[in-house]
Amino acid sequence: MKRVHNFSAGPSMLPLEVLEKAQAELPNYKDSGMSVMELSHRSGLFTDIITEAESLLRELMNIPDNYKVLFVQGGASQQFAAVPLNLKKNGKADYVNTGSWSKKAMKEAKKFIEVNEIASSEDENFTYIPKVNTSIIDSEADYVHITTNNTIEGTAFQEIPDTGNVPLVADMSSNILSEEIDVSKFGVIYAGAQKNIGPAGLTVVIVRDDLVGNASEQCPTMLDYQTHSESGSLYNTPPTYGVYMAKLVFEWLKELGGLKEMQARNEKQAALLYDYVAQSSFYASPVKEDSRSIMNIPFVIPNRDLDGEFVKAAQAEGLETLKGHRSVGGMRASFYNAMPVEGVEDLITFMKKFEKEHQ
Ligand SMILES: *Cc1c(COP(=O)(O)O)cnc(C)c1O
């Protein structure tokens, strides 16, 4: 069996061990004679899966007891609406604009709440993370929204901003589980699963107790955090297979040593590529050094005509999905948790060869 190194920004690669476990259990889960896909979401076997998934996630992220963990659908994009619908009190919220996903979050929130953009890096094409501190935050704002890792632009907050008493809400779709974080600094964390958790279709929401149960009257039942909180994410049929796959990924992460170990691996792998690009006179990084993501790493060749050739030649060597997002151009390599160091090394070997051939 030939597996490629898949550098896709999402949906992205899953650990081979996880895929193989799922494959082995596919037709007959725990002697039930059924696949997990065929189990009732109210069955004992599925209850065990979702309970275990939550408890593993709590353990991995060290989630305090006063936070709920919700497994929902709709993707991170649906949370763009769910957040204002659940957190609106005074009717205004502060947003930090760090790229395409922040902009989409703001655009959606504007339908439900007054959005104030308190900081932005749009002036320099989102190549850096602007400073955020309590002095620019409206103390009457219902929340402050940030995108911790900017999947398209390749930037990431290096530290979690202090928002004082205003709840901090984070779209963590592309860096959840990639490093240790202090959950207690956040009011809400949400993430679509398809980058670092599991297959598309599952969305994880981690929300502080006091922010549950205050949804606006017009909030649809399915977007109300309370609906999912009081039903253990079983109000209706949850994405059962996605929850199962997430559980396998959480087990894999725990086995590897948890987020501390994962963070060390991710930092090391990202540094290999950044260091190579830094010493090269052929490639360049469009991102400011103090704002670099360790998950999504864009790089460019000054001669843009070579982009297509690079992507095609890389693909021929089993290095997949390296084309940059159309808004940034060039190339982008995503090193999510499942990317082994060999993938990074093979990419750099290919980049050296390509550089030599096109100097
Ligand atoms: C991928 C992504 C999204 C969109 O996620 P969906 O689950 O497809 O809605 C939102 N925000 C960030 C930061 C992302 O990387």
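Contact here means heavy atoms within 4.5 Å.

## Model and conventions

This is a predicted model: local features need pLDDT of at least 70, side-chain atom pairs count only at pLDDT 80 or more, and totals for chains, interfaces and linings use all residues. Residues are numbered from 1 along each chain as its sequence is written, and side-chain values use heavy atoms, with hydrogens and water left out.

UniProt positions follow the numbering used here, with feature names shortened, and the annotations may be inferred rather than shown by experiment. Helices (H or I, at least four residues) and strands (E, at least two) are DSSP runs, numbered from the N terminus.

## Annotated domain

In an unreviewed entry, UniProt lists residues 5-347 as "domain: Aminotransferase class V". That span is 33% helix and 16% strand. Its end C-alpha atoms lie 9 Å apart.

## Lys195

UniProt, again in an unreviewed entry, places "modified residue: N6-(pyridoxal phosphate)lysine" at Lys195. Lys195 sits in the loop between β9 (188-192) and β10 (203-208). Is Lys195 buried or exposed? Lys195 counts as buried because its relative accessibility is 12%. The cut-offs are under 20% relative accessible area for buried and over 50% for exposed, with partly exposed in between (1.4 Å probe, protein chains only).

Which residues does Lys195 touch, leaving aside neighbours within four places in sequence? They are Ala9, Gly10, Ser12, Thr151, Ser173, Ser174 and Tyr336.

## Ligand shell

The ligand is surrounded by 14 residues. A residue is near a molecule or strand if one of its heavy atoms lies within 4 Å of it. The closest are Ser77, Thr151, Asp171, Gln194 and Lys195. Helix α3 (residues 75-87) gives the largest share of the shell, four residues. By class, the shell holds three nonpolar, nine polar and two charged residues. Nonpolar covers Ala, Val, Leu, Ile, Met, Phe, Trp, Tyr, Cys and Pro; charged covers Asp, Glu, Lys and Arg; the others, Gly among them, are polar.

Polar contacts come next. The term means a pair of N or O atoms within 3.5 Å; within protein, one must be able to donate a hydrogen and the other to accept it, and residues adjacent in sequence count only if both atoms are side-chain atoms. A ligand oxygen lies 2.4 Å from an N or O atom in the Thr151 side chain. For an N or O atom in the Gln194 side chain, the distance to a ligand oxygen is 2.9 Å. A polar backbone atom of Ala76 is 3.0 Å from an oxygen of the ligand. The ligand taken alone exposes 390 Å², and the protein buries 87% of that. Accessible areas come from the Shrake-Rupley method with a 1.4 Å probe; for residues, only the protein chains shown count as cover.

Ser8 lies in the loop between β1 (5-6) and α1 (16-25). Its relative accessible area is 9%, so Ser8 is buried. The Ser8 side chain reaches the backbone nitrogen of Gly10 at 3.1 Å and the backbone oxygen of Pro11 at 2.9 Å. Not counting residues up to four places away in sequence, Ser8 touches Glu320, Thr321, Ser334 and Tyr336.

Pro11 is also placed in the loop between β1 and α1. The peptide bond from Gly10 to Pro11 is cis, with omega near -10°.

## Positive phi

Most residues other than glycine have a negative phi, and most peptide bonds are trans. Asp31 has a positive phi of about 60° although it is not a glycine. Asp31 is in the loop between α1 and α2 (44-61) and is exposed, at 73% relative accessible area.

Leu177 is not a glycine either, yet has a positive phi of about 70°. Leu177 lies in the loop between β8 (168-171) and β9. At 2% relative accessible area, Leu177 is buried.

Thr155 lies in strand β7 (residues 155-156). Thr155 is buried, with a relative accessible area of 0%. Beyond four places in sequence, Thr155 touches residues including Thr98, Phe126, Tyr128, Asn150, Val287 and Ser293.

Arg208 is found in strand β10. The Arg208 side chain makes a polar contact with the side chain of Asp210 at 2.7 Å. Leaving aside neighbours within four places in sequence, Arg208 is in contact with Asn66, Tyr67, Pro167, Phe186 and Gly187. C-alpha to C-alpha, Arg208 and Tyr190 are 12 Å apart in space, and 18 residues apart in sequence.
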